[in-house]
Amino acid sequence: MKKSTLCKYLMWGYQSDLDAKEYDELQKQIIQHEKETKAEDPGKLAESIIQNFPEFQIMHQSFMRRRIDKISEGVNTIKVIAIIYLIGSIIGAILFVSQMK
């Protein structure tokens with residue numbers, strides 16, 4: 001992964017959470033930090049950013065909690081549909097068997 005890709009992915013998703021001024025300021029700080037650090041490896045740059053910008057860890061945790069909540073809602077919806085399908089199948093089977101007699 002390139003360092004520019006790393007910086008792009010760090011900022012992805014946070015634009016909707018921050019206002020334009022905060023987002024632009026944070027993006028400029030990240031770009032400036034990347035220039036000052038002169039890290040050869042994107043992994044070292046990522047570690048440096050996490051150490052110097054703790055808000056990324058907080059935003060990431062918040063972002064992951066929201067994603068987990070969305071996934072959980074989707075799974076619960078699928079469970080409800082599966083239960084309704086199962087109950088409908090059982091009722092349909094009972095009706096089918098009762099008509100055979």
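**View 1. The protein chain as a whole.** Of the 101 residues in the protein chain, 20% are buried (under 20% relative accessible area, with over 50% counted as exposed and partly exposed in between, using a 1.4 Å probe on protein chains only). The model is predicted, so that local features need a pLDDT of at least 70 and side-chain atom pairs count only at pLDDT 80 or more, while totals for chains, interfaces and linings use all residues. Residues are numbered from 1 along each chain as its sequence is written, and side-chain values use heavy atoms, with hydrogens and water left out. The chain has four helices and zero strands, running α-α-α-α from the N terminus on; helices (H or I, at least four residues) and strands (E, at least two) are DSSP runs numbered from the N terminus.

**View 2. Ser48 and its partners.** Ser48, which lies in helix H3 (residues 42-52), is buried, with a relative accessible area of 13%. Leaving aside residues up to four places away in sequence, Ser48 touches His33 and Thr37, where contact means heavy atoms within 4.5 Å. Ser48 and His33 are 15 residues apart in sequence, and their C-alpha atoms are 8.8 Å apart in space. Their side chains are joined by a polar contact of 2.6 Å (a pair of N or O atoms within 3.5 Å; within protein, one must be able to donate a hydrogen and the other to accept it, and residues adjacent in sequence count only if both atoms are side-chain atoms).

**View 3. Packing of H2 with H3.** Helix H2 (residues 20-37) and H3 pack at an angle of about 125°, with their axes 11 Å apart; axes are lines fitted to C-alpha atoms, for helices over the stretch in contact, and angles run from 0 to 180 degrees between N-to-C directions. The two helices are therefore oblique to each other (angles under 35 degrees count as roughly parallel, over 145 as roughly antiparallel, 65 to 115 as roughly perpendicular and the rest as oblique). Ile30, His33, Glu34 and Thr37 of H2 make the contact with Leu45, Ser48, Ile49 and Asn52 of H3.

**View 4. Packing of H3 with H4.** H3 and helix H4 (residues 54-100) pack at an angle of about 95°, with their axes 4 Å apart, which makes H3 roughly perpendicular to H4. The contact is made by Ile49, Ile50, Gln51 and Asn52 on the H3 side and by Pro54, Phe56 and Gln57 on the H4 side.
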